[in-house]
Amino acid sequence: MKKTGFTTTSLNVAYAKPDPHNSLQMPLYETVAFEFDSAEKMEANFKGEYIAHVYSRTSSPTVEYFELKLKALTGSYAVLAVSSGMAAIAGSILAIAKSGENIISGNRLFGHTYALFQDTLPGLGIEARFSDLTDASEIENLIDTKTRAIYFETVTNPQLEIADIEMLSAVAKKHDIILIADSTMTPPNVFCAGKLGVNIEVVSTTKYISGGATSFGGAIIDHGNFDWTINPNLSKYYDKFGKNAFIAKLRKNIYRNTGGSMTPQTAKMMIQGLDILELRVEKCYKNCMALGAFFESNPKIIRVDYPGIKADLRFQLSEKYFNGIPGTIMTFDLESKEACFDFMDKLKIIRRATNLNDNKTLIIHPHSTIYAEFNEVERKTAGIRDAMMRLSVGIENVEDLICDIEQALG
Ligand SMILES: *Cc1c(COP(=O)(O)O)cnc(C)c1O
């Protein structure tokens, strides 16, 4: 049969084991432990000869079903669900690098990822070397025999810069290092990481996938396209688990020993979120395009950035990598910071909050909030203007959003 579309696939992923009551929804298995029929089976399980759920910190049926769905939807080799996006990022790095080794990272990052790389990893002896990821020779100059990965975000926030994924993949391949993408901004219905040479995808499922800011979660996606024998931290796992080496190390070492697994309740919400993901993203995208046209035509708006708009410098890359849907975050500028604050305070439908991909449209002034601890030079380097606002566009009826913006502009 022909390969089904995103939503059809999501709605029809089979459970790992059939439900005894033929339930049409994956039940919520709210339990910590699972029982064995016999002492012999129990022994076989602990020897690794009989696979079964044992204790929910390591695996459980509802979380497993979320992982199976995400695996089907991303066409990937294996998926592990964890407690948050930050847990996914931290765990992935800990699995592939140890003290004395390093990773190369983009210098425009989600704030807490930057803090993890800058403040936490050095304490463990792992160095993050920050680079301008548009410059292949700068990246190559930073690579040495201890470099284990190149780490990047598909679309940076709030600059909305798009990574040259083909170039990054070529550099990573040439040096036999792992390419890790944080694809939180570009959901799996618009972005196929594995086809572009990404080896590991990390996602904050808190954002799009949760179905509208319902719960915290993260996912680590192994695209099955890296030879784990090359990485000295995984070769031991390769001997035992073969192609599953990376996810096996995460499950049986990193998360088992440090915690940070996804709860069954959260997985249940993530499952629901996946089924309506495509619908939501399409609606948010349409709203972004309508708002973009409105902003472009309004003289009070000094500047608008959304790579989905033809006039945006990054439109070609957005078409190439994301089918023209580079996420649904946009920014726009008024004439001053004061004008931004006045505008934000007058809004009645758009909410003042810091999150991405809620069902509600959210607004924030990054310069005075997310970048509050930066000095002016650092903000400039990071591309943060004091008259810029970030909109995370939701699924409201767009005429209501435009009406709200028009009244707040005065
Ligand atoms: C939100 C976010 C994270 C962190 O995810 P949490 O689920 O909040 O831990 C990481 N990367 C990006 C790009 C994000 O937007």
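# Charges, buried and bridged

Guide: Lys207 is buried but has no salt bridge; Asp182, the nearest side chain of opposite charge, is 7.5 Å away. This is a predicted model: local features need pLDDT of at least 70, side-chain atom pairs need 80 or more, and totals for chains, interfaces and linings use all residues. Residues are numbered from 1 along each chain as its sequence is written, and side-chain values use heavy atoms, without hydrogens or water.

Visitor: Why does Lys207 have no salt bridge?

Guide: A salt bridge needs a side-chain nitrogen of Lys or Arg within 4 Å of a carboxyl oxygen of Asp or Glu. Asp182 is 7.5 Å away, so Lys207 has none. Lys and Arg count as positive, Asp and Glu as negative; His and chain ends are not counted.

Visitor: What makes Asp275 and Lys69 a salt bridge?

Guide: Their N to O distance is 2.4 Å. The limit is 4 Å, so the pair qualifies.

Visitor: Why is Lys69 called buried?

Guide: Buried means under 20% relative accessible area, exposed over 50%, partly exposed in between (1.4 Å probe, protein chains only). Lys69 has 2%, so Lys69 counts as buried. Asp275 has 15%, so Asp275 is buried too.
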